[in-house]
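Hi,

Here is the structure I promised to pass on.

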Amino acid sequence: MRLAPLATLAAFGLTLSACAVKPTAMDDASIDLRASSDWQTAFGNQQPVTGPIDLNEAIARELSEAHVSPLLAALATLSREEHEQQPLHKSAD
């Protein structure tokens with residue numbers, strides 16, 4: 001029974017400390033630089049389209065190393081619990 005006031009005080013203190021965070025806005029130049037860098041990272045190694053593409057070539061282009069590596073790197077950082085929460089995860093159990 002005596003823990004309730006202490007827990008309430010701790011929760012209140014945590015709530016107030018969250019108000020101390022001050023985000024900083026990015027200027028237009030840094031946003032443009034970041035967007036350009038992200039675009040180059042995502043599509044820099046992509047082969048240019050020079051003619052019609054059939055389904056097999058489209059799938060091969062999408063699964064190229066440039067597209068799959070960032071996805072695999074992101075998935076590698078997930079813990080098992082986070083991975084199991086992904087919507088397309090099928091449990092082996």
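**What I found**

Going from the N terminus, the elements run α-α-α-α-α. That makes 5 helices and 0 strands, where helices (H or I, at least four residues) and strands (E, at least two) are DSSP runs numbered from the N terminus.

Before you read on: this is a predicted model, so local features need pLDDT of at least 70 and side-chain atom pairs count only at pLDDT 80 or more, while totals for chains, interfaces and linings use all residues. Residues are numbered from 1 along each chain as its sequence is written, and side-chain values use heavy atoms, with hydrogens and water left out.

Of the 93 residues, 1% count as buried (buried is under 20% relative accessible area, exposed is over 50%, partly exposed is in between; 1.4 Å probe, protein chains only). The accessible surface comes to about 8700 Å², and 63% of that belongs to carbon and sulfur atoms. Those areas come from the Shrake-Rupley method with a 1.4 Å probe, and for residues only the protein chains shown count as cover.

Helix H2 (residues 28-43) has 16 residues and spans 22 Å from first C-alpha to last, close to the 22 Å expected (1.5 Å times one less than its number of residues). The number of buried residues in H2 is 0, so this helix lies largely in the open.

The rule is a side-chain nitrogen of Lys or Arg within 4 Å of a carboxyl oxygen of Asp or Glu, and the count by it is 1. Arg 34 is exposed at 52% relative accessibility, whereas Asp 38 is partly exposed at 37%.

Over in helix H1 (residues 3-18) you'll find Leu 9, which is exposed at 58%.

Cheers
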